[in-house]
Every structure is written in C-alpha cells, then in structure tokens.
Amino acid sequence: MTDPLALDPVLPPRERSEGGARRWNEDLPHDERFEHFEAHVRAGGKIEPNDWMPDEYRTAVLRFVEMHANSELMGVLPEREWIMRAPTLRRKLALTSKVQDEVGHAQLLYRVAEDLGKPREAMFDDLLAGRTKFHNVFHYPTETWADIGVIAWLVDAAAIVAQQALRDSSYGPYARTMQKICWEESVHIMHGRDVVVTLVNGTPSQRAILQDALDRWWGPLMQMHGPRSDRAKDRDLHWRIKAKTSEELRQEFLTIYVPRILELGLTIPDPALVFDKDAGEWRYTDPDWNELRTVVTNHGPKSEERLAFRRLNREATAWVRDAILAEPRAAA
Amino acid sequence: MTAANAPRPSGRLEPFEVFRQAKDGDAMRHGGNVLAPDAELALHYAREMFGRRGESVRLWVVRRADINVLEDLDLLQPPLDRSFKKPGGYVMRDKLAAARGRAGTTKPGARAVGHDRTGRSGEDGR
C-alpha cells in the first residue's frame, strides 16, 4: 500500500498555524495532556472555553475573573452615591453613564466566569456572604465631589494599568473582553481628570477638598496592586492569566501619574516619594499592608454597608429574575 | 428581526453564515456564507471556502435563520449628544494650561503618556 504521507508531504509542526493543533485535546494520558497544555500557554498560546484545560488553570482563571467582576459590581456603589449630587447636568449624565458602564463590565466578566463553570447565582452568594472578595478601593467612603474626580481619574488609572496588561491574557475570552473594557475606562479617566482639573481651576475651597481627597485616597491607591510578590511563585503569572507583577504595575502607575498630579500643583502625601534615576524606579513609603488585609476581608469602613445594599438590591429585584426564568405558561 | 422572515432559497438549501478565527486568540470575524441542506454539510463547505489555505484556526457556522438582527438606528444611533461618553467630549488643553499657570509648573515629559486614549472601540480593533 502507498504511504499517504509520501503523496502529500506534511509540514513540520512549527510551520503550522499557532494553536491550530490543539494537541492536548487528543486522547492522551492526563500528565501528557497537561504538559502539552502548559507548553502551549507558556509559549503565549491562547485558550478558548471549549478547550480541555487542567483544573488548576480553570480554577485560577475563574478566581481571577470573578474577583474582577465583583469589583466592577461593587465599585459602582461609591460613585452611585453622587449621581443625585453631581454639580451640573452634564456631570450627572457622565457619572450615570460611567456607573452604567461599570455594571456592564461586571456583566461581561460574570459571563466569562460563568463559561468556566460557576453559575452567577453562586458567585453572588459567595460575594454577599463574604466568601469572595472585591478590590480594596471600593470599601471606602466618598466624602465630597472631589472624591468622584479622584476615583474616576486615579483609581480607574491604577485599574487600567493592570487591565491593559490583561489584554494579553492566555484566556482568550478574558483578553478580548478587556479590549472593550479598556476602551470605556479610558473615557472614564478623561471624565475624572476633567473633574479634577476643573476643581483645580476653581475656588480655594474647591482646591482644598481636592487635596483632602487625594490625601485620603493615596494610601488605598498605593495598596491597590498588592504587596511585592515573587515572580517565580506567582501561579497567575505562570499561566499567563496576567502579565505583570504588582510592583511592576505600581511603578508604571507612578511613572505616568505622579507627573500629571504634580503638574496641577497638588501635593502627594508621601514625603519619601522620589524617582531613583540610578535604580530606574520609584521609591516610596511602604504602603500599610495591614490596612489592605483588613479592608479586603470586608472590615473596611464601608464594607458592610455596601454588601448590605447589594443584599437589599438582590432581594428587591428577585421577582425580575423569577419572571425571566419562569417556565412559559401553556398556551390557552 | 428581519432574517427569520427572509425568503428561503429553492429546495432544501439554506444559507449558513461563516465566522472564522484567523489565529489563536483572535476574535471570530464574519467571513461570508455558504448554501447547504444541513449544518453538517455547511461545515464541510465552510472548510472548503474559508479553511483551504490554512487561513483559519476555527470556524463557526450558524444558520442565517437563527441570527437575530437589530438595525433600528433610533436605538443604535440616537440623535442625542452623548459626547460625555467619548474622548472627544473632554478637551482639557486650556484648562491644563490654566492649572499650570496657577501652580507655576511645566508640562510633564513624554514618560508620562497617560491612558486617555487606550483600548479599542470593540473587538475588531478599530
């Protein structure tokens, strides 16, 4: 019999399209499959929802995306408090739109997480029972309108530094979702910066509330990306779910935003903050990591109040979900 | 809302829309369509039309009749000012110059390029 390969020469594997051959989906023993999968991801390959994936990878992506979704959902509550108190109609529209966008991000991200196998109701149960977390910055009060500017400009900026890096995530649906999210966040940052610059050009008391807001938010901002971690031990980096360490993200944030804050004549409440030219990185007072731990375990100043609001909201809207999920009534 | 009412071609053949992923991790993009009597043969045709040169790593083939379409411009492009949702709605050059004048500072250098125009308008990268 003629060898079919002799008639139709086969390219060496490296000339085949990246990801075209999902070798780990074949009928292989688990360990071998795992190795192929790992090699694919480590080489920059992407994973789609229907691909086979090791439990460790599935769990890690799910945990990461769920925390992100929770943060988008809880993150609108501090800003929501200011919709009715926005100083002009245009600011009210912009803030309403931002809140709407962030809830939309939660919807997109909960969809990504659901496809990994955890039902949305279970994610809400865990969030409201305190079994899963949301970002530290959403556990604090918003005292004045200046907080809204600082949140939309700097909290969103610190977030986008991390989110941009996620556009290269190994999990395809997450990476693609981040394209849309980053686009919308970039407008939020402009909205926030516009609020801040307007206050700077305003009255002395407007500049005073702005400086006060920056003083209160600086600590949480510096804690937001988390403590320095060991690159070699970080499983999220290993699986390329994320691309950068917490310290890399914090340095990037400082490099871009410190000059922009100082440009406005504001004072950053850290006398130790300085760019070390020789080391090529920022020096700063070590953030209060105890505060971060306290806050993200729902012991922050507003943690309980915001979770209580979510519980109330969930009960009040239960009838909508019941109506949508109800069996269709038999035709009369 | 229109596709379901579109006339079906003669015989048992019907159109299937083909979406293709050009490389690992890309979004699925519309490639074109094929006419087939059922989903199985539609997959074969799609492979012939959109996968013969190694230009795809994944194809999605969907019955056109199963696609729900929304193209009501009153809903999608309402004639209202929504500039506060777009980067063009925030022009800060003069305000920033005024703030610098007050504070006696200078414009930050190129290292401080911000995120005012990052991300993309959708999955297709435009």
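This briefing describes a predicted model of a complex, covering its confidence, the fold of chain A, selected residues of chain A, and the sheet of chain B.

Because the model is predicted, local features are described only at pLDDT of at least 70 and side-chain atom pairs count only at pLDDT 80 or more, whereas totals for chains, interfaces and linings use all residues. Residues are numbered from 1 along each chain as its sequence is written, and chains are lettered from A and ligands numbered from 1 in the order in which they are written. Helices (H or I, at least four residues) and strands (E, at least two) are DSSP runs numbered from the N terminus.

**Confidence**

- For the complex, the predictor gives an ipTM of 0.80 together with a pTM of 0.87.
- Chain B has a mean pLDDT of 84, with 79% of its residues at 70 or more; pLDDT is the predictor's confidence in each residue, from 0 to 100.
- In residues 122-126 of chain B the pLDDT is below 50, and this stretch has 10 contacts in the model beyond near neighbours in sequence, a contact being two residues whose C-beta atoms, placed from the backbone, lie within 7 Å.
- Where pLDDT is low, the predicted coordinates should not be read in detail.

**Chain A as a whole**

- Chain A contains 13 helices and 2 strands, and its C-alpha trace spans about 90 × 75 × 35 Å along its principal axes.
- Of the 332 residues in chain A, 37% are buried; a residue is buried if 20 or more other C-beta atoms lie within 10 Å of its own, exposed if 12 or fewer, and partly exposed in between, with C-beta atoms placed from the backbone.
- Among contacts in chain A with a separation of 6 or more, 73% join residues 24 or more positions apart.

**Helices α7 and α8 of chain A**

- The axes of α7 (residues 172-200) and α8 (residues 204-223) of chain A come within 8 Å and cross at roughly 135 degrees; axes are lines fitted to C-alpha atoms, for helices over the stretch in contact, and angles run from 0 to 180 degrees between N-to-C directions.
- α7(A) and α8(A) are therefore oblique to each other, given that angles under 35 degrees count as roughly parallel, over 145 as roughly antiparallel, 65 to 115 as roughly perpendicular and the rest as oblique.
- On the α7(A) side the contact involves A:V196, A:L199 and A:V200, which meet A:Q206, A:R207 and A:L210 of α8(A).
- By class, this contact of α7(A) with α8(A) has 4 nonpolar, 1 polar and 1 charged residues; Ala, Val, Leu, Ile, Met, Phe, Trp, Tyr, Cys and Pro count as nonpolar, Asp, Glu, Lys and Arg as charged, and the others, Gly among them, as polar.

**Selected residues of chain A**

- Most residues other than glycine have a negative phi.
- A:R240, in the loop between α9 (235-238) and α10 (246-263) of chain A, has a positive phi near 55 degrees, and A:R240 counts as buried because it has 20 C-beta neighbours inside 10 Å.
- A:N298, in helix α11 (residues 289-299) of chain A, has a positive phi of about 65 degrees although it is not a glycine, and with 15 C-beta neighbours inside 10 Å A:N298 counts as partly exposed.
- A:A86 is placed in the loop between α3 (55-80) and α4 (89-115) of chain A; leaving aside residues up to four places away in sequence, A:A86 touches A:R91, A:K92 and A:L95.
- A:P328 follows α13 (318-325) of chain A, in the segment after that helix, and counts as exposed with 5 C-beta neighbours inside 10 Å.

**The sheet of chain B**

- Chain B has an open sheet of 3 strands in the order β2-β1-β3, with antiparallel pairing; two strands pair if DSSP finds at least two bridges between them.
- β2 (29-36) and β3 (58-63) of chain B stand at the edges with a single partner strand each, so one side of each is left without a neighbour in the sheet.
- Neighbouring strands of this sheet are turned against each other by 30 degrees on average, direction ignored.
- β1(B) pairs with β2(B) over 7 bridges, B:E17 standing opposite B:N33 in β2(B).
- Strand β1 (residues 14-21) of chain B also pairs with β3(B), over 6 bridges; here B:V18 has B:V61 as its bridge partner, and B:Q21 stands opposite B:R58.
- Helix α1 (residues 39-50) of chain B lies across β1, β2 and β3 of chain B, and runs at about 125 degrees to β2(B).
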